[in-house]
Amino acid sequence: MSVSRRALLTTAAGTAVAATSIAPPVQAAQKAPSPAATLGATADYAVAKLRAVAPGVSGFPVGTKFEKWTYSQSGDWVGGFWPGTLWMAWLHSGEERFRTLALASAEKLAPRQNDTGTHDLGFLFYPSWVTAWRLTGDDTWRTGAIRAASSLIKRYNPQGRFIRAWGALNDPGNAGRVIMDTMMNLDLLAFASGQTGDGKYLDIAVEHARTTQRNFPRPNGSTPHVYDFDPASGAPLGPGTVQGYSPASCWSRGQAWGIYGFTTVYRRTGHREFLTTARKLADFALGALSPDHVPVWDYLAPQAPHDIKDASAGAVMACGLLDLARATGEPRYREEALKLLTALSETCLTRKSTRADAVVARCTRNRPSEDGIEISLPYADYYLLEGILRVLRPDDIDRAIDLSTV
């Protein structure tokens, strides 16, 4: 054997030995944390954030500007979510400070019981006053919530069988405008009928839900944000939008309101057509989700699915899917809800910010108006915690918001 060949073999053998000697040992595959562990850590983070931020909150958070809450003193349409979030923190932690702050915040909504100028009284009074009554037994909260329901039904249009969304009762502007969001306000009416024995509240809720069901869903299960009616005759005029891309698109948070709202009306009435509609809306939304499981702001906007996100739509949708899973007995809805909650926990929290007041980032309030693009929103924090507690503490969340089915 020549010297050059012997050298080549020696070099090759040495290289092989060296490569073997420096190769890292095979590591055991790291086991991913369970969904329960991930969600528990998220709830702990939320409680820690609230523990630090809540004492300095000076009103009702409506959204963030450079990561700091901006406030409404009257509550705007979102006032119920701050006391609701504090109730969720109390259920998870047992810390009395959250209960005290939740009651003090809810009390500030008292003047809104008689507000006939908005459809959002369910958003205002269910997570705050109804939950306060259910968790404390103090009848003041029950009475106020029923009074708010009485204000809400004054917005009912019997010709069109709908609750108008916006505008004072004597204002002809928007008099025939219905929006998907109202589906989430109907549970306040179901509560009032259940507590008073007067069926008028639930009857109006059912008629509104049926009107929405007839007019909003398209054959593929997508929905517009808005549908307009002639306020005098009640005749349907056609779809529209305010927060979606167009009347033909599908605003993701509106779709989430529909999933949750129709499932809730089913639970309060037993009318299976509402469950069928909820499933139709859910199946469309699940088919439109991108692989990261964080909804874009509008599923049918031209840039979707490569568009800005709305984590709040994901949090609302997760709660609706968990409800739908219980109502239908179909595990796939629960599995998808867990994917949504896990995705929000892993990619949409404010963990890396030292100045953020909120728990959830990457929310979009009103894209067409360039209002609140990927900020934090109070309902994202609320529904994320509600969804987590539905998974980890179902008995506790049932005490707070009533998960029963007739």
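The legends below describe close-up views of a predicted model.

**View 1. The largest nonpolar core of the predicted model.** This core comprises 127 residues. Met 88, Leu 189, Met 317, Leu 321, Val 360, Tyr 383 and Leu 384 have the most contacts inside it. Helix H11, spanning residues 311-328, gives the most to this core, contributing 11 residues. In soluble globular proteins, nonpolar side chains tend to be buried together.

**View 2. Surroundings of Leu 189, one of the residues with the most contacts inside the largest nonpolar core.**

**View 3. Packing of helix H3 (residues 81-93) with helix H13 (residues 378-392).** The angle between H3 and H13 is about 30°, and their axes lie 9 Å apart. H3 and H13 are therefore roughly parallel to each other. H3 passes H13 in a left-handed crossing. From H3, the contact involves Phe 81, Gly 84, Thr 85, Met 88, Leu 91 and His 92. H13 supplies Pro 378, Tyr 379, Asp 381, Tyr 382, Tyr 383, Leu 385, Glu 386 and Leu 389. By class, the contact of H3 with H13 consists of nine nonpolar, three polar and two charged residues.

**View 4. Packing of helix H10 (residues 272-288) with H11.** H10 and H11 pack at an angle of about 130°, with 11 Å between their axes. This angle makes H10 oblique to H11. The crossing of the two helices is left-handed. In H10, Leu 275, Ala 278, Arg 279, Ala 282, Ala 285 and Leu 286 meet Met 317, Leu 321, Leu 324, Ala 327 and Thr 328 of H11. Nine nonpolar residues, one polar and one charged make up the contact of H10 with H11.

**View 5. Arg 177 in strand E5 (residues 177-179).** Arg 177 counts as buried because its relative accessibility is 17%, and the cut-off for buried is under 20%. Leaving out residues up to four places away in sequence, Arg 177 touches Ile 163, Arg 164, Ala 165, Trp 166, Val 226, Tyr 227, Asp 228 and Val 242. The C-alpha atoms of Arg 177 and Val 360 are separated by 31 Å, with the two residues 183 apart along the chain.

**View 6. Gln 255 in helix H9 (residues 252-269).** Gln 255 has a relative accessible area of 0% and is therefore buried. Apart from neighbours within four places in sequence, Gln 255 is in contact with Gly 221, Ser 222, Thr 223, Cys 250, Leu 281, Phe 284, Ala 285 and Tyr 299.

Note on methods: Residues numbered from 1 in each chain as written. Predicted model: local features only at pLDDT ≥ 70, side-chain atom pairs only at ≥ 80, totals over all residues. Heavy atoms only, no water. Core = buried A, V, L, I, M, F, W, Y, C linked by side-chain atoms within 4.5 Å. Buried < 20%, exposed > 50% of the residue type's maximum accessible area, 1.4 Å probe, protein only. Helix = DSSP H or I, 4+ residues; strand = E, 2+ residues; numbered from the N terminus. Axes fitted to C-alpha atoms, helices over the stretch in contact; angles between N-to-C directions. Parallel < 35°, antiparallel > 145°, perpendicular 65-115°, else oblique. Left-handed = near helix turned anticlockwise from the far one by under 90°. Contact = heavy atoms within 4.5 Å. Nonpolar A, V, L, I, M, F, W, Y, C, P; charged D, E, K, R; others polar.
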